[in-house]
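Thanks for sending this one over.

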Amino acid sequence: MSVDVLQPKAARYPIESVANAGRLLALFKERRELRLSDVAESLSVSPSTAHRLLTTLEVSQMVMQNTNTRCYEPGPELMAIAHALLPTETRWSFARPYLEQLSERVGETVSLAILQGPVVVFVESVESEAPVRVGSRLGAVMPAHCTSVGKLLLSQLTEEKLFETYPSEELVQANEKSIATRQELQTQLRKTAKRAYATNFGEGEPGISGVAVLVEAKTRPTYALAVAAPSERLAQTRVKELLNELRVTASALAELS
């Protein structure tokens with residue numbers, strides 16, 4: 001018995017630039033980095049057309065350019081879409097029961113996050129049932145230096161890799177509490193690495209605080225586990241209590257991953 005293979009339908013009203021943008025993004029299925037010449041050759045367009053496509057997608061954060069290699073990589077918005085479209089049973093779903101238990105114990109929203117260049121991607125999250133709470137972070141993408149999970153993961157980088165991630169001394173601030181310079185970031189990261197946890201008191205979003213610990217996985221890159229809560233419920237005085245609970249869950253997750 002033969003099986004018919006579905007073929008893509010031809011567009012009724014084709015817009016060449018849109019079609020090329022879609023084909024460009026599809027190239028990331030085969031490779032993590034794209035050179036300008038790769039895009040021009042793959043799409044059969046001129047280098048100037050390829051450059052216009054890339055810079056347009058860069059504005060919307062669908063792609064981002066590595067300042068050292070000059071290659072283009074998936075941007076935070078593209079990563080967010082990819083994670084949002086993952087099926088419920090993902091490679092991170094094993095952690096959900098542990099996050100649910102942790103959320104119940106502390107009464108707050110808990111999440112897992114990974115580092116992607118200068119941003120963090122939240123790959124699993126369990127929302128608190130408290131009337132006033134931080135919403136689920138699943139699929140969210142945030143500047144790494146403005147979050148507890150991000151600062152913790154950045155503290156694991158070598159100085160060379162950190163400078164590659166942040167080639168400019170000036171950092172983009174989410175608000176007036178955000179870290180403003182690379183030098184200030186380095187100072188905080190040294191403290192973070194020494195104490196093995198990170199905090200965030202309104203640096204990413206006003207009125208929201210967080211505390212995070214590392215999960216030193218065996219079969220996957222190190223990732224971070226965090227509690228996020230309204231700032232009135234997560235002051236410095238509560239950090240020790242939350243760290244004890246976070247470390248219990250992080251230890252259990254490390255054994256499974």
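**Notes on salt bridges, a helix and the open spaces**

1. Aspartate 38 and arginine 35 are joined by a salt bridge, with 3.0 Å between the closest N and O atoms. Please keep in mind as you read that this is a predicted model.

2. Next, have a look at glutamate 108 and arginine 233, whose side chains meet in a salt bridge at 2.8 Å, N to O. Glutamate 108 belongs to the loop between α5 (96–106) and β3, and arginine 233 to the loop between β8 and α9 (239–256), so this pair ties together parts that are 125 residues apart in sequence. Is glutamate 108 buried or exposed? With a relative accessibility of 2%, glutamate 108 counts as buried, because the cut-off for buried is under 20%. Arginine 233 has 27% relative accessibility and counts as partly exposed.

3. That pair also belongs to a wider set of contacts. Glu108 and Arg233 are linked with Arg238 and Glu241 in a network of salt bridges. As background, side chains of opposite charge can pair when their charged atoms come close.

4. A further salt bridge to display joins the side chains of arginine 133 and glutamate 127, at 2.6 Å from N to O. Here arginine 133 is partly exposed, at 39% relative accessibility, and glutamate 127 is partly exposed too, at 32%. How many salt bridges does a search of the whole structure find? The search finds 13.

5. Now for a helix. α3 runs over residues 47–59, which makes 13 residues, and spans 18 Å from its first C-alpha to its last, close to the 18 Å expected at 1.5 Å a residue. Which residues of α3 are buried? They are Ala50, Leu53, Leu54 and Leu57. These residues cover an arc of only 95 degrees around the axis, so they lie on the same side of α3. Thr56 and Val59, on the other side of α3, are exposed.

6. Sorted by class, the lining of the largest pocket has 17 nonpolar, 10 polar and 8 charged residues.

7. How many cavities of 30 Å³ or more does a search of the whole structure find? The search finds 1, and about 150 Å³ of space lies in the largest cavity. Of the 17 residues that line the largest cavity, Phe122, Arg137, Ser148, Asn200 and Ala228 lie nearest its centre. α6 (148–154), β7 (208–215) and β8 (223–230) each give at least two residues to that lining. By class, the lining of the largest cavity has 8 nonpolar, 7 polar and 2 charged residues.

Notes
Residues numbered from 1 in each chain as written. Predicted model: local features only at pLDDT ≥ 70, side-chain atom pairs only at ≥ 80, totals over all residues. Heavy atoms only, no water. 1 Å grid on protein atoms, 1.4 Å probe; cavity = no way out; pocket = protein on both sides within 12 Å on 5 of 7 lines; lining within 4 Å. Points joined across faces, edges and corners; volume = space filled by probe spheres on them. Helix = DSSP H or I, 4+ residues; strand = E, 2+ residues; numbered from the N terminus. Nonpolar A, V, L, I, M, F, W, Y, C, P; charged D, E, K, R; others polar. Salt bridge = Lys/Arg side-chain N within 4 Å of Asp/Glu carboxyl O. Buried < 20%, exposed > 50% of the residue type's maximum accessible area, 1.4 Å probe, protein only. Expected span 1.5 Å × (residues − 1). Arc of directions from axis to C-beta.
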